[in-house]
Amino acid sequence: MTDEEPLHIANPAHEEVPENIQAEMAVIGTLMVWNNLYDELADILRPDHFSDSVLAAIYGECARRINRGQTANPVTLAGVDPTWTAQLLSNVANSATTKGNAVEYARIIVDLALRRRLMRLSTAFRISARDLDGKTAREVLDEIEVGAFQLANEEEVIDGPLHIEHYVATALE
């Protein structure tokens, strides 16, 4: 974008949130069928990567049970939380896919979580950039760099180093 191009700032309240509930259900469903898949998923996926808080909680409970050497499936999860109905747990389990697909879906879930975090950062940066009584433009730019660097360092464990230029450009869009 050049200085002559018009600045179009999307209204964050109307932006679509990047998520894939089907992928989230498929990963958990597959984990319920093959608890031994957790070792591989744990290297990629955390509960906070899920966009749906109920699915995040179910994944977290599956992880806790499997780490304790217990089985995680719809029967053993029944009654853990009153909002987890038998129908919900059955639907999640029935969403199971292959182990290979579940790992790929886990990577998709992580990517979408990173995009949601970028959107939140971008919104915060837009607000800071508009506040003429607050920080200077240089201070806002420094804040963007620090935020993007922290985010990149948190996620590089999963996919390798992420380039800060990508995050700065995304935040400024």
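Buried here means under 20% relative accessible area, while exposed is over 50% and partly exposed lies in between, using a 1.4 Å probe and protein chains only. This is a predicted model, where local features need pLDDT of at least 70 and side-chain atom pairs count only at pLDDT 80 or more, while totals for chains, interfaces and linings use all residues. Residues are numbered from 1 along each chain as its sequence is written, and side-chain values use heavy atoms, with hydrogens and water left out.

**The chain overall**
- The protein chain has 8 helices and 0 strands; helices (H or I, at least four residues) and strands (E, at least two) are DSSP runs, numbered from the N terminus.
- Of the 173 residues in the protein chain, 36% are buried.
- Take the contacts (heavy atoms within 4.5 Å) between residues at least 6 apart in sequence: 71% of them join residues at least 24 apart.

**Helix α1**
- Since 10 of the 13 residues of α1 are buried, this helix is largely enclosed by the rest of the structure.
- Those buried residues are A23, E24, M25, A26, V27, I28, G29, T30, L31 and M32.
- Where α1 starts, a side-chain oxygen of N20 comes to within 3.3 Å of the backbone nitrogen of Q22.

**How α1 meets α5**
- The two helices α1 and α5 pack at an angle of about 90°, and their axes are 7 Å apart. Axes are lines fitted to C-alpha atoms, for helices over the stretch in contact, with angles running from 0 to 180 degrees between N-to-C directions.
- That makes α1 and α5 roughly perpendicular to each other, a label for 65 to 115 degrees (under 35 is roughly parallel, over 145 roughly antiparallel, and the rest oblique).
- On the α1 side, M25, I28, G29 and M32 make the contact; on the α5 side, the residues are L89, N91, V92 and A93.

**Helix α3**
- Helix α3 covers residues 53-67, and its 15 residues reach 21 Å from first C-alpha to last, close to the 21 Å expected at 1.5 Å a residue.
- Its buried residues are L55, A56, I58, Y59, G60, E61, C62, A63, R65 and I66.
- They pack against α1 (21-33), α2 (38-42), α4 (74-77) and α5 (86-93).
- At the start of α3, a side-chain oxygen of D52 gets to within 2.9 Å of the backbone nitrogen of V54, and just after the helix, G69 takes a positive phi of about 80°.

**The aromatic rings**
- Searching the whole structure turns up 2 aromatic pairs. Rings of Phe, Tyr and Trp (its six-membered ring) pair if their centres lie within 6.5 Å; planes under 30 degrees apart count as stacked, over 60 as edge-to-face and the rest as tilted.
- Y38 and Y59 have ring centres 6.3 Å apart and planes at 50°, so this pair is tilted.
- With Y38 in helix α2 and Y59 in helix α3, the pair ties together parts that are 21 residues apart in sequence.
- F50 and Y59 make a tilted pair too, at 5.0 Å centre to centre with 35° between the planes.
- Y38, F50 and Y59 form one aromatic cluster.
- Both Y38 and Y59 are buried, with Y59 at a relative accessible area of 1%; F50 is buried as well, at 6%.

Notes: The expected span of a helix is 1.5 Å times one less than its number of residues. A polar contact is a pair of N or O atoms within 3.5 Å; within protein, one must be able to donate a hydrogen and the other to accept it, and residues adjacent in sequence count only if both atoms are side-chain atoms.
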